[in-house]
Amino acid sequence: MLLIECPWCGPRAETEFSYGGEAGIFRPADPHALSDAEWADYLFYRSNPRGTHRELWNHAQGCRRWFGVERDTVSYRIKRTYCLSGASGGQPDGSAGGLEAGSGKRR
Amino acid sequence: MSESAPPAGIAIRVRSARGFINLRLNPRNRQALEAAERVLGQQAPLSANTFTGGEHNLYWLGPDEWLIATGAQRASELARELAEALKDFHAAVNDVSGGNVELLVSGANASMVLAKGCPLDLHPRAFAPGQCAQTGLGRAAVLLAAVDPSTYAIVVRRSFARYLRRWLENADSAGVPFRAAGKRQQAGYRSSP
């Protein structure tokens with residue numbers, strides 16, 4: 001079982017999470033402007049790298065927040081986990097606006 | 001607590017007449033946070049996975065989400081007051097009393113019984129009174145809170161409550177051994193002291 005470090009809740013068992021696929025895939029602003037091949041590429045094709053893979057996870061049984069994970073697809077080692085930009089409540093380290101989850105400071 | 005300790009048994013009790021309110025607002029919006037806290041009469045926990053007691057219990061559910069547990073009579077009135085106080089802010093107040101049940105599990109072996117179906121490290125060193133966590137217990141998703149070293153509060157979906165009670169009774173019964181401590185890597189727990 002993987003031990004995944006939720007940016008908010010800390011290390012938790014893999015069973016608490018659900019996998020959200022490769023990170024950094026954005027829906028095209030105007031799908032009608034795309035060719036079938038481009039649309040298929042957006043819809044179905046993923047990079048599937050050997051090595052570092054950036055992916056999305058949701059802490060489904062915990063705080064229910066989405067976050068990013070950098071995982072090695074060979075060793076399964078998780079290199080880091082991070083909040084997504086614009087995630088609700090800002091960054092756990094308080095860098096994006098002073099919410100101090102886990103830091104114990106209040107104001 | 002050693003494994004050879006005689007099974008003391010746990011007490012499972014449904015905490016009756018409880019009401020629950022789900023509160024969502026961005027705590028970076030201090031005005032909104034303070035407006036809510038004025039109505040509640042107590043501070044909302046901003047540290048992840050902690051709860052505060054007082055007139056109500058306020059559980060941290062997420063960086064912009066809390067569960068308020070209070071008396072059933074008080075809940076709907078409190079939800080109205082909160083909604084009124086927060087009407088000018090980007091916030092959500094939902095009375096979720098109907099969907100949740102609070103169980104109290106107590107006994108010297110309570111943490112070991114819970115550990116049979118919970119991936120968290122429930123040792124008081126890692127999960128001390130005042131901490132809470134949303135996690136899995138058996139096959140149910142629960143909010144687990146350490147009230148004192150031998151008492152846990154569990155908030156669970158009403159439709160899972162009967163199952164969870166049976167699961168707890170089964171886990172507490174003889175012939176279902178405790179897992180040997182230290183043999184598996186347990187998920188840790190993060191909260192500020």
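Predicted model: local features only at pLDDT ≥ 70, side-chain atom pairs only at ≥ 80, totals over all residues.
Local features need pLDDT of at least 70 and side-chain atom pairs pLDDT 80 or more, while totals for chains, interfaces and linings use all residues. Residues are numbered from 1 along each chain as its sequence is written, chains are lettered from A and ligands numbered from 1 in the order in which they are written, and side-chain values use heavy atoms, with hydrogens and water left out.

I start with the rings. Over all chains there are seven aromatic pairs; rings of Phe, Tyr and Trp (its six-membered ring) pair if their centres lie within 6.5 Å, and planes under 30 degrees apart count as stacked, over 60 as edge-to-face and the rest as tilted. A:Phe17 and A:Phe67 make an edge-to-face pair, 5.8 Å centre to centre with 75° between the planes. The two are 50 residues apart. A:Phe17 is in the loop between strands S2 and S3 of chain A, and A:Phe67 is in strand S5; strands are DSSP runs of E, at least two residues, and helices runs of H or I, at least four, numbered from the N terminus. A:Phe67 is buried at 2% relative accessible area, and A:Phe17 is buried at 9% (buried is under 20%, exposed over 50%, partly exposed in between, with a 1.4 Å probe and protein chains only).

Now to chain B. Which residues of H2(B) are buried? They are B:Ala75, B:Leu78, B:Ala79 and B:Leu82. These pack against S2, H1, S5 and S6 of chain B, where contact means heavy atoms within 4.5 Å.
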